[in-house]
Amino acid sequence: MDDRDVERVLVLAAHPDDIDFGAAGTVATWTDAGIDVSYCLVTDGDAGGFDPAVPRSEIGGIRRTEQAAAAACVGVRELHWLGYPDGRLTVSLELRRDISRVIRRVRPQRMVIPSPERDWTRLAPSHPDHLEAGEAAMRAIYPDARNPFAHPELLDEEGLAAWTVAETWLSPTPGADHPVDVTETFDRKMAALLSHKSQTAHLTSLREDIGAALVANGARLGLAEGRMAETFRVIDTR
Ligand SMILES: [Zn+2]
């Protein structure tokens, strides 16, 4: 669907920083266009980080603060935290209900979720939490959020009416074929990524590595030479 028909986008990810690696440049193009973008983070990322000197009990809070700062870099203020444990996600009815609740609150025309399908060509994008979060989100998009009789407590006790998400973008995903030109928003994407200090402070060539990957995406999907692209697979979910 045309961006002009989109008022609200909900971006869902398993971990803080997933959105910034995959989609923050695109998010900035949307907020620039006046679209309201909000995030839903399924875990606090409490199993992440690289510095053993930081007490594990503090990681979740640190990562929430980092994600809020990263979101602000690309014009996003509204974050929904589900608080599931990092590294132990499963597609449960509770997770489907909790995602459905956020969908019915935000009422997005478009969502961005990780693909539930494993990418056999690259290991990291198919972290088990990404696959589980993606599958749970897809089951929330269809049928739970649009079916008023699914998770009846959402309607009966919380007054949250059914909502149909018209379009779903997958990222990360195998078979990504839809490029978004993020050349103009690359600096803000990098600022967002660098907000995740506990994850990226030790990555000395991050800007070069991300820039090269985005330029390669652009070349593969037909953008002009040197243009940068984030990539998605777009699914009609009406
Ligand atoms: Zn992740």
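**Aromatic residues and beyond**

Modeller: W30 is buried, and W169 is buried too. Keep in mind that this is a predicted model.

Colleague: How are the rings of W30 and W169 arranged, edge-to-face or stacked?

Modeller: The structure holds two aromatic pairs. In the one formed by W30 and W169, the ring centres lie 5.1 Å apart. Planes over 60 degrees apart count as edge-to-face. The planes here stand at 75°, so the pair is edge-to-face.

Colleague: How many residues apart are W30 and W169, and which residue joins them in one aromatic cluster?

Modeller: W30 belongs to helix 2, W169 to strand 5 (residues 167–170). The pair links distant parts of the chain, 139 residues apart.

Colleague: Which protein atoms are the donors of the zinc ion, and what is their spacing along the chain?

Modeller: The donors are H15 (ND1), D18 (OD), D18 (OD) and H130 (NE2), at 2.1 to 2.8 Å from the zinc ion. H15 sits in the loop between strand 1 (8–13) and helix 1 (18–22), H130 in helix 5 (residues 128–141). Both H15 and H130 are buried. Along the chain the spacing reads H-x2-D-x111-H.

Colleague: Why is the arrangement of the four donor atoms around the zinc ion irregular?

Modeller: Four donors count as tetrahedral if all angles lie between 85 and 135 degrees. The four donor atoms around the zinc ion subtend angles of 51 to 119°, which makes the arrangement irregular.

Colleague: Which residues have the most contacts inside the largest nonpolar core?

Modeller: That core has 31 residues. Among the elements that each supply at least two of its residues are strand 1, strand 2 (36–43) and helix 3 (56–73). Beyond its neighbours within four places in sequence, V37 is in contact with V9, V11, V27, W30, T31 and V76. The residues with the most contacts inside the core are V9, V11, V37 and Y39.

Colleague: Is D17 buried or exposed, and what is its phi?

Modeller: D17 is found in the loop between strand 1 and helix 1. Buried means under 20% relative accessible area. At 9% relative accessibility, D17 counts as buried. Although D17 is not a glycine, its phi is positive, at about 95°.

Colleague: Where is P143, and what is the omega of the peptide bond from Y142 to P143?

Modeller: P143 lies in the loop between helix 5 and helix 6 (152–156). The peptide bond from Y142 to P143 is cis, with omega near 10°.

Conventions: Residues are numbered from 1 along each chain as its sequence is written. This is a predicted model: local features need pLDDT of at least 70, side-chain atom pairs count only at pLDDT 80 or more; totals for chains, interfaces and linings use all residues. Side-chain values use heavy atoms; hydrogens and water are left out. Donors are N, O and S atoms within 2.8 Å of the metal (3.2 Å for Na, K and Ca); water is not among the atoms, so sites may look incomplete. Four donors count as tetrahedral if all angles lie between 85 and 135 degrees; four count as square planar and six as octahedral if opposite donors are over 155 degrees apart and all others between 65 and 115; anything else is irregular. Helices (H or I, at least four residues) and strands (E, at least two) are DSSP runs, numbered from the N terminus. Buried means under 20% relative accessible area, exposed over 50%, partly exposed in between (1.4 Å probe, protein chains only). A nonpolar core is a set of buried Ala, Val, Leu, Ile, Met, Phe, Trp, Tyr and Cys residues joined through side-chain atoms within 4.5 Å. Contact means heavy atoms within 4.5 Å. Rings of Phe, Tyr and Trp (its six-membered ring) pair if their centres lie within 6.5 Å; planes under 30 degrees apart count as stacked, over 60 as edge-to-face and the rest as tilted.
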